[in-house]
Structure formats: structure tokens, C-alpha cells
Amino acid sequence: MKNKSHPLKNFLILWSTQSVSQLGSSITTFALTLWLYETTGSSLSTAALTICSYAPYVLMSIFAGALTDRLDKKKIMLVCDLFAVFCTIAVFALFRTNHLMVWHLYALNIISGLMNTVQQPASEVAMTLIIPEQYYQKTSALRSLSRSLISILNPLIATALYAFAGLNGVVVADVGSFIIAFTALLFFVSLPKSRSKRSENIFRLAKEGLGFLKRNPMILTLLLFLSGINLVSSAFDAVLPGYVLPNPKGSQTVLGIVTSCSGAAMIVGSLIVSALPKPKDRVKIVYLTMLFAMGTENFILAFSREPVLWCIGQAIGWLFVPVMSTNLEVILRGSIPVELQGRVYACRNTLQFFTIPIGLFLGGFMVDDVCEPFMVRHGDLPILRTLFGTGKGSGAALMMFILGVTGSLICVIVGGRLKKYHYNEM
């Protein structure tokens, strides 16, 4: 009797080992954020670290996706992983020789961002190639679960390693996780070949990706809606360190705990979506979950002064994010032909994520140069003191309130357009 391998064998190997590698990279990113805030004391400087990663991702994604559709997905992922780990090793070498400077981190993050720009659409297509269609929802839930675990573990592990071993321990953990993922992908994961148009130039293929989105207004509207959500969420990420760290009850450890609460909430959300049957309307689920998230988290943090309330706000805001992302992923995988997925996913990356560097810049800029100075001048007014507190960090609280209002308006105005669309599965 022949032994048939499990239909998800390749997926489980790739997913689990890549998740380990992503955890290692996230630990390094979080630790470098702590180091940078200690060095500069600026929310904008720490936000710029992520901006340098996302800027090439947004600018080059359309062409990277077209390139992905022409080349071998496995080779692309391996080469990009190598470049990424070289960047980490470069940080380690500069730090060990006492030559690490802020601009080094920015430059290396740009290189790392370029590699991720090429790797991400290749990874998405690879997942489609190895996942049978009947497992789309289950595997999407598993991927949400791993992202949630990374969100919990990376700030906790990063703060612990950074406190006890400094950047040295962080980098060693990152390189170790890379070795695990690289070895598994090279020797134990088999990717079937997908059809590609190797004879056509990259610009033509990129145009086809944009053309597909133009012909499918439901997907285009979804991506534009989520770009607005990402604007608010990325600004929140830039504001959070400047909100928690200066607070008398805040610290690096508290920041790590608060950040990890979003991951804990996403684990619960991942379990919820894995247990749910197929919804009747996945588009409606995407819209409603984001309306709930935008209308809760920012306001809770803006008006609270206690770490336990910050944790509750994070948990409430992120609880249904896995539900949203799973339904979005099923819509995209089910709607886009596999031979077009590389270029369409890349166009999706540009449209959905171009607001992230903008949000990071605006969040850091608004805290440093607008909200904090405003609270210094007017923070003694009773209503402002009651709502946002006093001292450094009160400007970040004010910015949290602004983000809550902005996110809610995006959901009501832009997200409302999604009500006319429905996704029907066969």
C-alpha cells in the first residue's frame, strides 16, 4: 500500500520555518527600535526606521511582482533571505566595532525592504501553489495564528534579550532563525511549477496586474479601503513608543507587554476564524471588523493612564484582525488566477501598503512637532489635562484621539462603499 504524503506537508514545513524566521527578524526590528529611541529620543526617528523598509516595498512592488511571475519562486525566496541575513550581520559587525550609526540602520533597512519587495509576492504565489483550494480558510487561519504569536513573542523576547544580552543576543537569535528557514526551504520544500510569460517584459506584465484590478472593482475598493486603515494603523505604531515610554508608568518592559497584547488578541481571533463556517458575505466581514477596530483601540489609549487599560485597548482593537485578514486572503486567492497572482499581489502591495510609510512619518511628525508642543503650550486647560494628561506623552495621547476619529471616518465614508459588493464562493 502506497504512502501518500499529507496534502499540506509542504505548506506546514514552509509556514512553520518561515514563521520562525519572521520571529527572528521581528525581534531584531523591535530591539533596534528600542536602541534608536534610546539614542535619539524621537518618535519620528524610530518611525523612519520602518519607513526605510516600506518605501522601496511600495515604490517597486509592481515591477517586483512582474519579475516574480517570470522567475522560479523558490530561488527568489532563497536569494532574498540571503540578502536579508547579510543586512543583519552587517548591523552586528558595525555594533561590535562601535561604528553603528543611525544612518547605517536606515540604509540597511532600505536594502532589506527591497529584498522583501521581491520575496513577498513570490511567497504568496508559492503558498497558492502548495495549498489545495479546500484548505484556503484553514491555512489562512494558521498564518494569522503565526503572525499573532510573532506579535506576542517578539516584543517580549526582544526586550528580554536586549536587556540581558544587548544587540549581540538579538542578532544571534535572528541569524539562527534564518538558518532554520533557509535549510528547510532549500532541502525539504518542493514547489510545483506555475505557468509564466517569460518572453514578455516586466512593464507589460506590471500593466496586466493593474489591468486586472481595474476590471475587478470589488478587489480594488477593498485594497483602497485597507490602505486607509493602514494609514491610521501605521501612524499608531509610530505614536505608541512616544506614548508609553515617557509615561511615569511606562517602560521598555511595559511597551513590550502592551505590544504583545495585540498578538494575544490575534491568537484568539485566529482560533475564532478557524472554528467559524464559511461566512455568507466575506466582504461585509472585512468592513465590519475594521470599523470595530478603528472605533475602539485609539480612543481607549487616548483617554487612559493605566498600563492595564492600554493592554485592554490593544486586545480589543486587534481581536478581529485575523478574521478580516483571513476573509481578505480567501477573496484574493479565489478571485485571482494563479498565473497572475505575482503581479496582482505586487500591485496590491503598492495600493494597500503605500500609506504605511506616510502614516509612520505623519505619526512621528505630529507627535514631535505638533501635538507635544501644543500640549506644552495649552496642556494646562482643564479639558485637555483631563482628557490627555500632562507632561511628555500627553501629545501622543492627543494624537491617539486624532487617529481614532480619522480611522472611524475612513470606515464610515470609504468602507461604506463596500456594502454594494459581495463575494460568492463556488
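The following questions and answers go through the terms used for this predicted model.

Author: Local features need pLDDT of at least 70 and side-chain atom pairs count only at pLDDT 80 or more, while totals for chains, interfaces and linings use all residues of this predicted model. Residues are numbered from 1 along each chain as its sequence is written, and side-chain values use heavy atoms, with hydrogens and water left out.

Reader: How many helices and strands does the protein have?
Author: The protein has 16 helices and zero strands. Both are DSSP runs, numbered from the N terminus: helices are H or I with at least four residues, strands E with at least two.

Reader: Why is the protein called as compact as a globular protein of that length?
Author: The radius of gyration is taken over C-alpha atoms, and the globule rule is 2.2 Å times the number of residues to the power 0.38. For 426 residues the rule gives 22 Å; the protein comes to 21 Å, close to that value, so the description holds. Along the principal axes, the C-alpha atoms fill a box of roughly 75 × 55 × 45 Å.

Reader: What makes N98 count as exposed?
Author: Exposed means over 50% relative accessible area, buried under 20%, and partly exposed in between (1.4 Å probe, protein chains only). N98 has 72% relative accessibility, so N98 counts as exposed. N98 is found in the loop between α3 (73–96) and α4 (102–130).

Reader: What is the phi of N98?
Author: Phi of N98 is near 60 degrees, a positive value in a residue other than glycine. Most residues other than glycine have a negative phi.

Reader: Why is the pair of F225 and Y287 called tilted?
Author: Rings of Phe, Tyr and Trp (its six-membered ring) pair if their centres lie within 6.5 Å; planes under 30 degrees apart count as stacked, over 60 as edge-to-face and the rest as tilted. The count by this rule is ten aromatic pairs. For F225 and Y287, the centres are 6.3 Å apart and the planes make 50 degrees, so the two rings form a tilted pair.

Reader: Which parts of the chain does this pair link?
Author: The pair links distant parts: F225 is in helix α7 (residues 217–244) and Y287 in helix α9 (residues 282–294), 62 residues apart.

Reader: How do you know whether F225 and Y287 are buried or exposed?
Author: F225 has 0% relative accessibility, so F225 counts as buried. Y287, with a relative accessible area of 9%, is buried too. Of the 426 residues of the protein, 54% count as buried.

Reader: Which residues form one aromatic cluster?
Author: F299, F303, F388 and F401 do.
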